[in-house]
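Here's a quick look at a ligand site and a bit of helix packing. Have the viewer open while you read.

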Amino acid sequence: MNNYGIDIWDDGNFLIENGLAKVNYENKPSLLSIVKEVREQDFKGPLLLRFPHITKKQITTLYNTFNASIQEYKYKGTFNAVFPLKVNQLPSFVHPLVQSGKEFNYGLEAGSKAELIIAMTYNNLNAPITVNGFKDKEMIHLAFIAKEKGHNITLIIEGINELETIIEVQKQTSLSSPNIGLRVRLHSGGSGIWAKSGGINSKFGLTSTEILEAYEMIKEHDMINYLTMIHFHIGSAMNSIKPLKKALRESGHIYAELKNLGANNLNAINIGGGLAVEYSAYERSRFYSLQEFASDVIFTLKDIAKQKGVEEPNIFTESGRFISASSSVLITPVLELFSSEYELEHLNLKEKNPPLIEELNALYTDMAKRTSYEYMHDAIDYMESLLTLFDLGYIDLQDRSNAEILTHQIIKQAINKLEVEDYEELKKLDENIQEKYLLNFSMFQSLPDYWGINQEFPIMPLTHLDKKPTRSASLWDITCDSDGELPFDSKKPLYLHDVDLNKEDYFIGFFNVGAYQDTLGMRHNLFSHPTEVNVIFKNGQIVLDKINESQTIIDILEDIDYDTSDIEKRLKENLDINTYKILEKYLNENNYLKTIWSYNDK
Ligand SMILES: *Cc1c(COP(=O)(O)O)cnc(C)c1O
């Protein structure tokens, strides 16, 4: 049996029971039962299930852990947090998040004008909003308007020019200014693949000279009371805590020095995001706990405040991945197993076959447990020779087809015989006996970080979890792009089950996909987002909420600026009305593959 590393990555959110992957919450429904319920409503193709209760658990854990550390160290500052919208801006994620965060005064972070509009529309009124990223005058004016609406908003400046613009907007509009934060350009870098967000060569933040310059400029314009926050962000998915400690020291001293210079209202350090989640199904890749993270932050800041004789700063975090990643699961139906094309019924041996094929046939008929490993090995060798013979013109297409069928049948039989007896021996041949699973989804749309930066995601089938998976698997998506593949990797091997898809569905789950994937995904081959559903628990029942079906073909074409009435007009030409009606129905379906085709369907 193989538990797909669930005890490493699942953080208690899921469990395996009676061979099924289940949600570890309330009545513990199986993921399969949820998938069936959605599909009964005629939503086929890939599914993205969101679990708002998991997001809520993450928010609660974050606050409780920091607040516990604050008590332990008798720290005098408060803990505050915002969700960085770039990690997931979709309404069906954001609305429940804002709702769940209300009791903690959890806020939002915006990095662009559109995100700022989301924040000023939906943020709980007293909860903080922070604004990062490069800003023009209009964006800065938007922040003034948010303040006017009553929001508790802080503009974190990335450069002196932004400060100049704040001063200008204040003069021109006579509106009261939002709070001002300074993003520092650390000399210490980050860790993990995103390390370039921090460090002296970072794209972001003020150098020490610029910080002093900014301070003078703020003072000169009588705005010192608005300077409230020091900010840094050392990059996403920190796998070790050491760079954070360095960054805390550096920014803690900047905070303390500015306070001692006369920044009276400076009261907060915003430590950005970067809390990692565990994506690996093989060995841990995150080397700290949230508890350690929290106590390091508090201990370090307390120490600096004491050393420099200033108040202990309030703490802000902007962790996004930690809050959202575990709350979504992508579920893809398997459309086909590559070897299913090699069924025995298609074997068509001749009266007289080439000798190597006779050999293969003998291996197939004689196979016993004792000999299966050896026979499988031989079959693979013969197959290679036969392919060479085909290329040289010595065997014909029928021979080749027979050879392929026999080889695949030998492999299947050998695996069946060996799985119990000699699993380890079997694994040695993984590379040669891979099964390819064709999945009804697009890697580019649904796992863009796998495609772009080789981000690993935990993978687990939803069923058969009480049986040993015997096939070394590579996964293919349905785009016409050879990059749409998750190849078998013998260092991190994935094994799946040998299933007969004519008899049952087999679904593969990709876990921890709730951070960044939803809006980074791209419409390669015009595959739009999968059908999305929020799974809500109410009195022991699940409710499927905010179902958002994958876009129809005509909507996708409209989105990329085709004139849909022109499309319809042209398609109508030369077709009788009944044929066009069918065509019209197809235009109004989504782009993923359907396994059932019914001609008479209305
Ligand atoms: C991206 C970003 C975050 C979120 O980072 P995570 O790794 O998702 O926690 C927080 N703050 C800033 C400024 C960012 O750019």
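A polar contact here is a pair of N or O atoms within 3.5 Å; within protein, one must be able to donate a hydrogen and the other to accept it, and residues adjacent in sequence count only if both atoms are side-chain atoms. Lysine 86 brings a polar side-chain atom to 2.7 Å from a ligand oxygen, and glutamate 318 has one 2.8 Å from a ligand nitrogen. On its own the ligand has 390 Å² of accessible area (Shrake-Rupley, 1.4 Å probe), and the protein covers 92% of that.

This is a predicted model, where local features need pLDDT of at least 70, side-chain atom pairs count only at pLDDT 80 or more, and totals for chains, interfaces and linings use all residues. Numbering starts from 1 along each chain as its sequence is written, and side-chain values use heavy atoms, leaving out hydrogens and water.

There are 17 residues around the ligand (a heavy atom within 4 Å), with Lys86, Ser236, Glu318, Gly320 and Tyr516 coming nearest.

Now the helices, which are DSSP runs (H or I, at least four residues) numbered from the N terminus. Axes are lines fitted to C-alpha atoms over the stretch in contact, and angles run from 0 to 180 degrees between N-to-C directions.

| Helix pair | Angle | Axes apart |
|---|---|---|
| α8 (residues 208-220) and α9 (residues 242-261) | about 30 degrees | 12 Å |
| α3 (residues 52-72) and α4 (residues 91-101) | about 40 degrees | 9 Å |

Terms used. Helices (H or I, at least four residues) and strands (E, at least two) are DSSP runs, numbered from the N terminus.
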